[in-house]
Amino acid sequence: MIEPSAEQHSAENGPQLTPELAIANLQSSDLSLRYYAAWWLGKFRVSQPEAVDALIAALEDEADKTELGGYPLRRNAARALGKLGNSKAVPALIKCLECSDFYVREAAAQSLEMLRDTTAIPTLIKLLDGGVAQAMQVPGRPHLTQPYEAVLEALGELCATEAIDLIKPFLKHSVPRVQCSAARAMYQLTQDTSYGELLVKMLDEGDLKLRRVVLGDLGAIGYLAAAEAIAQAKAENSFKLIALKGLLEHQLLEKLDSLTVSNEAVRVMNLMDSLL
């Protein structure tokens, strides 16, 4: 079952949303208005306390439930809270990691990664229980038992070095995208270039969809040695530019105290120029 987009849920002839109206709509009896309001608040980064509180409350919504047991409003609320950057949402998002809806757990893991709160690490690690042997396809559903990609990436971003031994086996998972997430996390946790090179190899060997994923991973970890491989990848320039922008941002962050731009940063900027 494909979840309708937020735009499809919106009322075409309804009034234009404002932060106040969107917050009010989260309490509406019209489920489509509530769903769209949660998306809108995240999209436009409405971070006022009332919005955060309303979205946190929406994480426990029981009204918007699909026949298959999904919670669309909770999913949108979880995604929005990651974008708002308020750590007040962390306890509620951690609780969402135990939700019966796979996509709520996935959205919560992604938002906890964005919020960078290490208190989420123990619960994220619990989602790796059973290791690769338990990371199987759910019968009749288009996903695995847990949102492993989101969990692995969150653990990498949160510097959860205590999870290294649990993450490493996922490099051998049968799903290439899970392998990518594991390699991404392992590089972040160890700075071992072999994991960066594994992503570069997958960039060369994967299909187009996988190459797009790998480009995002290389940009996210700032793996500078992949700059030329990114620029030459068989993918759309837009994806390559986003990845190179990630590399450049990492370089600039490392040189914050310097008054000059490093040669490595200049090299990345020249590669970006070549793609424009």
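Which residues in H4 meet which residues in H5?

1. **Basis.** This is a predicted model, in which local features need pLDDT of at least 70, side-chain atom pairs count only at pLDDT 80 or more, and totals for chains, interfaces and linings use all residues. Residues are numbered from 1 along each chain as its sequence is written, and side-chain values use heavy atoms, with hydrogens and water left out.

2. **H4 and H5.** Val52, Leu55, Ile56 and Ala58 in H4 meet Leu73, Arg74, Ala77, Ala80, Leu81 and Leu84 in H5. Contact here means heavy atoms within 4.5 Å. By class, nine residues are nonpolar, none is polar and one is charged. Nonpolar covers Ala, Val, Leu, Ile, Met, Phe, Trp, Tyr, Cys and Pro; charged covers Asp, Glu, Lys and Arg; the others, Gly among them, are polar.

3. **Geometry of that contact.** H4 spans residues 49-58 and H5 spans residues 72-84. Helices are DSSP runs (H or I, at least four residues), numbered from the N terminus. The two axes come within 8 Å and cross at roughly 145°. Axes are lines fitted to C-alpha atoms over the stretch in contact, and angles run from 0 to 180 degrees between N-to-C directions.

4. **A charge over a ring.** Arg74 also has its charged end over the ring of Tyr71, 3.7 Å from the ring's centre. The test is CZ of Arg, or NZ of Lys, within 6 Å of the ring centre and within 35 degrees of the ring normal.

5. **Aromatic pairs.** The structure holds five. Rings of Phe, Tyr and Trp (its six-membered ring) pair if their centres lie within 6.5 Å; planes under 30 degrees apart are stacked, over 60 edge-to-face, the rest tilted. Phe102 and Tyr103 are edge-to-face, 5.1 Å centre to centre with 85° between the planes. Tyr187 and Tyr223 are edge-to-face too, at 5.3 Å and 70°. This pair links distant parts of the chain, 36 residues apart: Tyr187 is in H12, Tyr223 in the loop between H14 and H15.

6. **Burial.** Buried means under 20% relative accessible area, exposed over 50%, partly exposed in between (1.4 Å probe, protein chains only). Phe102 is buried because its value is 9%. Tyr103 is at 23%, so it counts as partly exposed. Tyr187 and Tyr223 are both buried.

7. **Ser181.** This residue is in H12. Ser181 is buried, at 1%. Beyond its neighbours within four places in sequence, Ser181 is in contact with Glu149, Leu152, Glu153 and Asp217.

Note on methods:
Helices (H or I, at least four residues) and strands (E, at least two) are DSSP runs, numbered from the N terminus.
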